[in-house]
Amino acid sequence: MISTWVSVIVMLVAFVDGARNEDVIQPCAKVQTSSSVVPFGSPVTATCVIRDSCPLVIGHAVRIEWRLGDRLLPSGPVANESGRVSEVVIPSFNHTRAFLTCCVQASPAQVVGGVEIRAGYPPEAPQNLSCQTNLTTPNTLTCSWDPEQQETHLPTKYTLHTQIWDSNESHVYELQPGVHHYTIPRSGFVLFSEMEIYVKAVNELGDAVSVPLILEPVSAAKFDPPTIQKVQAVSKKYGCLKLSWSLSQHQAWMHNYRLNLEVRLKTVTRNQIIEQVIPVSHVRPSRPVDQCRLLHGTQYVAQIRVRYQQSPWSEWSSSQSGVTLESAPTGRLDWWMKVSGDHMHKQLNIDLFWKPSKQFHANSQNVSYIVSVQKLPAEKGKVCSTMGNYCTFQLPTRAKKVYLRAVNAAGKSAPTEARIYLPTARAAISDVSVIPRDDRSLLVQWRSLVSSSPNDYVVEWRPLLETDLSLTQFEITDRNQTSLVITGSFEPYKPYGISVYPRFKGGIGLPQTVNAYSRQKAPSMVPKIRIKKTWQSHIELTWDEIPLDQRNGVIQSYKVFYWTEKGPISVVNADLEERRVVLKDLKTVSVYEAFMMVSTSGGSLNGSTIHFDIEPFDAVSIVMIVTVCGVGLSMLIICMVMTCFSNHRRLKGRFWPVVPDPANSSIKRWTSESTQDTYLASDSEEPNPIYLSHLSFLDLPVKLSKEDNDPWLSSAEDTSDLGESICGSPFSPGYSGSNSGSVPYATVIFPGPCNSPTAKAPHVYLRSESTQPLLETEESFSPKCYQNMATSGIQKEQCFFGLCHDCVTKESPDPGILWDDFPFLQALTMNDTEKD
């Protein structure tokens, strides 16, 4: 815009200051240059000629100046004597466009002439010319190219030139500025005739032509994606598929022309997609294509694409699948076995895993596996049959090997021998570590011990959150290898257990196991802190373990942050295994806040905040505790001293009882010639259990006679059930209570059963030996002297249960007083009464 205004001003000045004539107005000066358009950076020469009739120079000395835009240029010497011609040379013109003006020095300087100079570059030859034929309706030929890489700064014009060789027909197609492609209509080309095509670029500094393209339009045609009609196995040909295909309806008219074909086959093997592209030349769409040398009994997914000679490839067709004919499996299987012994039943528990080796081919879609203990025949010693990749079974400890076979409908593979390696206590590896490489691979590294010499190593891994053994995978490495990259579909934030086993000639050594993650992040939860113990200025905090499915990585630290309202924040690192921490040197009468942060290598998470305080111990409480402890200790010492030095026999007997020797005890017998008439002192009195607890009853098979003068029969109160209650009491030999194992102290022997009539035979009392200690210092539960109160009038006293030194013979004993002292004999009398 500025240059335009400068040009207008120059022309106005030239016309205003020019010599005036009645017929025409001429400018004062004329500026001439070698060229108004020059190559960028080239020299420019200009000449300014001032007319004699110019009023600005009449009668004045003339001095001419040159300006390039706003910059003053040094002018050359004057070209003639009058000084009205001047020349200027610009060594390098570095402007794309600029005005060169000629001025006459005056007050002020006056512009008397000027010219616009433009600079640029000549065009470059267009590159990468290509043409493509469209065989759909309508047929067209589209050509495109790349423009020049360098800006010319000058308008450039492009034209497309074609020439058909057979007819010598040529065409020129002009293009719009900035457009670098053109579509030739159907009338401008012949499909099966060669033609020459090129692009020409022209500007004010020159022209350039692209490299000519010679082609047959049909060979530049990009076909529509073809269609696969059917994929099927070839009869009696293993590993062959037959593909029937056709072109789209727009190119169906070319079904008799020979085309080039590419077949892409995909199959899934070992959880990997295997792809192969097979070229096929000079085929007709009307004929099927056979593809052989494929895996037997394998499903393939097929796609095709076509082209004519060197034309662009069409897009891939839609997919069709087919299965080759089955054959028996071939190759061996890689296996890995874990053995545990059952010493009680002399059995081996075996987990056998396997996978296809690089040489193995299932040759079928449905493959099963048989494990047997015999090489031939396989069915006789079969211990396992499965469609999976592992098997669990038991074998006797004498078993040394098993045989693994793959089976399909066409037959069985050759057996793979799997030796049984028993576990040993040998250690061969240490320092197992896992480094994630990406989401699908992990680098496992370990260190081999110098003293070990294993045959090889087995690296096993499985997802820890799954219990399915079929997810277990393994790799076998060389004995000299100490690292392995394992690949698979590892899920991020999920734990995997990775174990490295050394395998020796005589067994499998101790493994090393670590947990690994392909990617880690912060845990999903933080366990709740619990206060376990508080004492003085310390407090112990504990928490539960984070569930495995919520860790999202390997736990690296537990940190407990705690602080008071005015104090600083303190941090304690907890032990990973113990999951406990002790906060020390806490201030009393202060409320603390605390929370825990759990960290993995992928991030950290903070838990909820808890509050706690420390109760102080005041001086009064301490004095009371000391006083109570002192008083209790003093009383204990006094009691021990009194016990040790006391002469009280009963007190000393409680602590140091005198245990009699049962071997030195004696048995006394006491017989009575006649039955004494007895009576109870009081009808309401019950036998004393203290006495009865040391007696038992024995019935002897002797028939007794009934006495008519039994005083119990004349009693006003019915006591017929007393004898039975005594006989069935827990003190009888037939009683089966908790104390049935003890030996009674005394036994009363009856001549007949309890419920039989009372016999006239006398009762017999036995003093029995005891299994329980009797203290000599204790008072006896029975009298020292027992008297026989017979009705026959015998008054002589007899002593039982030991010697009696206090017995005095009385002529007329008082029966009432005697029966009060012997309540058990009263019960015997009651028993006899019932029998009568």
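This is a predicted model: local features need pLDDT of at least 70, side-chain atom pairs count only at pLDDT 80 or more; totals for chains, interfaces and linings use all residues.
Reader: OK. How many disulfides does the structure hold?

Author: Four. A disulfide here is a pair of cysteine sulfur atoms within 2.5 Å. In general, such a link is a covalent bond between the sulfur atoms of two cysteines.

Reader: Take cysteine 48. Which cysteine does it form a disulfide with?

Author: Cysteine 102, with the sulfur atoms 2.0 Å apart. The link is left-handed, at -85° about the S-S bond. It connects distant parts of the chain: cysteine 48 is in strand 3 (residues 44-50) and cysteine 102 is in strand 7 (residues 97-104), 54 residues apart. Strands (E, at least two residues) and helices (H or I, at least four) are DSSP runs, numbered from the N terminus.

Reader: Are cysteine 48 and cysteine 102 buried or exposed?

Author: Cysteine 48 and cysteine 102 are both buried. Buried means under 20% relative accessible area, exposed means over 50%, and partly exposed lies in between (1.4 Å probe, protein chains only).

Reader: And cysteine 103, how far is its sulfur from the closest cysteine sulfur?

Author: 6.6 Å, and that closest sulfur is in cysteine 102, too far for a bond. Cysteine 103 counts as buried, at 2% relative accessibility.

Reader: What about cysteine 240, what does it form a disulfide with?

Author: Cysteine 292, and their sulfur atoms are 2.2 Å apart. With 115° about the S-S bond, this link is right-handed. Cysteine 240 lies in the loop between strand 17 (227-233) and strand 18 (241-246), and cysteine 292 in the loop between strand 21 (289-291) and strand 22 (299-307), so the pair ties together parts that are 52 residues apart in sequence.

Reader: Why does cysteine 240 count as buried?

Author: Because its relative accessibility is 5%. Cysteine 292 is partly exposed, with a relative accessible area of 33%.

Reader: Which cysteine is joined to cysteine 384?

Author: Cysteine 391, with an S to S distance of 1.5 Å. The link of cysteine 384 and cysteine 391 is right-handed, with 120° about the S-S bond. Cysteine 384 is buried at a relative accessible area of 11%, and cysteine 391 is buried at 4%.

Reader: New topic. In what order do the three strands of the open sheet come?

Author: The order is 41-42-45, and the pairing is antiparallel. Strand 41 (530-535) and strand 45 (580-583) stand at the edges with a single partner strand each, so one side of each is left without a neighbour in the sheet. From one strand to the next the twist averages 20°. Axes for such angles are lines fitted to C-alpha atoms, for helices over the stretch in contact, and the angles run from 0 to 180 degrees between N-to-C directions.

Reader: How many bridges join strand 42 to strand 45?

Author: Four; strand 42 covers residues 538-542. Two strands pair if DSSP finds at least two bridges between them. Glutamate 540 stands opposite valine 582 in strand 45.

Reader: Where is serine 248 found?

Author: In the loop between strand 18 and strand 19 (259-269). Serine 248 is buried, with a relative accessible area of 14%. Contact means heavy atoms within 4.5 Å, and serine 248 touches Asp224 and Pro225, not counting residues up to four places away in sequence.

Reader: Last one: how many aromatic pairs does the structure hold?

Author: 15. Rings of Phe, Tyr and Trp (its six-membered ring) pair if their centres lie within 6.5 Å; planes under 30 degrees apart count as stacked, over 60 as edge-to-face and the rest as tilted.

Reader: What is the geometry of tyrosine 562 and tyrosine 592?

Author: Their pair is tilted, 6.4 Å centre to centre with 50° between the planes. Tyrosine 562 lies in strand 43 (residues 557-563) and tyrosine 592 in strand 46 (residues 591-600), so the pair ties together parts that are 30 residues apart in sequence. Tyrosine 562 and tyrosine 592 are both buried.

Note on methods:
Residues are numbered from 1 along each chain as its sequence is written. Side-chain values use heavy atoms; hydrogens and water are left out.
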